[in-house]
Structure formats: C-alpha cells, structure tokens
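These are my notebook entries on what I looked up in the structure.

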Amino acid sequence: MCEERNEELIFKDMLEEVVENFGEGSQEGVKFAIKKCQEDLGCVSISHQKQIAEAFELDEKIIKTIIKFMPSVKESKVEYEVICCTGARCAKNGSMEVLKAVKNIIGIDFNETTEDGKISLRSQNCFKKCKFGPNIMINGKFYHQMDKEKVQKVLEDIIK
Ligand code: FES
C-alpha cells in the first residue's frame, strides 16, 4: 500500500514537472508523460489517463487516441480494474451495501489485487456522477445505480 502511495506521489510530481516544461495542451508533453508513467508504474491506468488529461487540460479521448499509437503502453497491469465510489452522496444511496458485496464477491479489499493478478480493487471519493449513484467503474466504464444484486451480476460476468 505504501509502495502504491509512493508511486502515486512520484507520478503526480512527474506530471506537474512535465506540464511545466511542455505547457498545457501540449500533445508532445502528453506523450512524454504517458511514456514516463509506463516506465515508472508499468502501465497507464484509466485513473492516470484522467489525471494526465486534467493536467494538460485536454479531453480524455485525446489521451486515449495518443495511447492507441503507442503500442508498448498498457492500460493496466491487471485485466480488470474495479473502482468503487466511496463518496457521501453514493453512500446516501446505499453504496455501503454495494462496497461490501464487491469485496465479498472478488474476495479482496481496496488497494488489493487478486492472487491470479486478474482483478484489482480501488476506491475513489467521488466520480462526479452522484445523481446516478451508487457508482462503480470497471476498466473505465461506469455502472450506475448499483445495488447488491446488480453488482453481483456485473462482477460475476467478468469473473467467469
Ligand atoms: S458520491 Fe459517488 S459519484 Fe459522487
């Protein structure tokens, strides 16, 4: 966990520096940041892509398009990256039950990866999609209005 936090700090520092050097909106800067992220962290996850997009004030689609032309870049070290919203508004809509179900079904806690390296589980404070909550995200795709049953169905489909 500590290692992950360190990696995130290194990534944030690197990103700040690259934006400073290349300037906002620079696609060359984006390419540099993606390459560095891949080298340092072993992948450029959806969450890193979002951060790169925000830092350079570009649309996430542009980041995705650039990655498509960089074949050595992997989106994830794992096959499935599951991110659950732990924000207050999703909680009001029943996300606690959903979070419990997700952990039980996958069999791991937040910031863990299954033994076979297939699924990783993380949390995020808010996806800014509160009115559709409880929300979870799998490999960048949103699943809205989750409840115990719905999340079970979604996860069972990918775990099979
Ligand atoms: S609190 Fe869950 S998306 Fe905002």
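Entry 1. I looked up the contact of α2 with α3, where G29, V30, A33, I34 and C37 in α2 meet H48, I52 and F56 in α3. Two residues are in contact if their C-beta atoms, placed from the backbone, lie within 7 Å. The residues of this contact divide into six nonpolar, two polar and no charged. Here Ala, Val, Leu, Ile, Met, Phe, Trp, Tyr, Cys and Pro count as nonpolar, Asp, Glu, Lys and Arg as charged, and the others, Gly among them, as polar.

I noted that this is a predicted model, in which local features need pLDDT of at least 70 and side-chain atom pairs count only at pLDDT 80 or more, while totals for chains, interfaces and linings use all residues. Residues are numbered from 1 along each chain as its sequence is written. Helices (H or I, at least four residues) and strands (E, at least two) are DSSP runs, numbered from the N terminus.

Entry 2. Two packed helices are described by the angle between their axes and the distance between the axes. I found that α2 and helix α3 (residues 46-56) pack at an angle of about 150°, with their axes 11 Å apart. Axes are lines fitted to C-alpha atoms, for helices over the stretch in contact, and angles run from 0 to 180 degrees between N-to-C directions.

Entry 3. I then followed helix α2 (residues 27-41) to helix α4 (residues 60-68); their axes come within 10 Å and cross at roughly 65°. In this contact, Q27, V30, K31 and I34 in α2 meet I63, I66 and I67 in α4. I recorded five nonpolar residues, one polar and one charged.

Entry 4. Is E16 buried or exposed? E16 is found in helix α1 (residues 2-22). I recorded E16 as exposed because it has 11 C-beta neighbours inside 10 Å. A residue is buried if 20 or more other C-beta atoms lie within 10 Å of its own, exposed if 12 or fewer, and partly exposed in between; C-beta atoms are placed from the backbone. E16 and I52 are 36 residues apart in sequence and 9.5 Å apart in space, C-alpha to C-alpha.

Entry 5. I looked up S72, which is found in the loop between α4 and β1 (80-85). S72 is exposed, with 7 other C-beta atoms within 10 Å.
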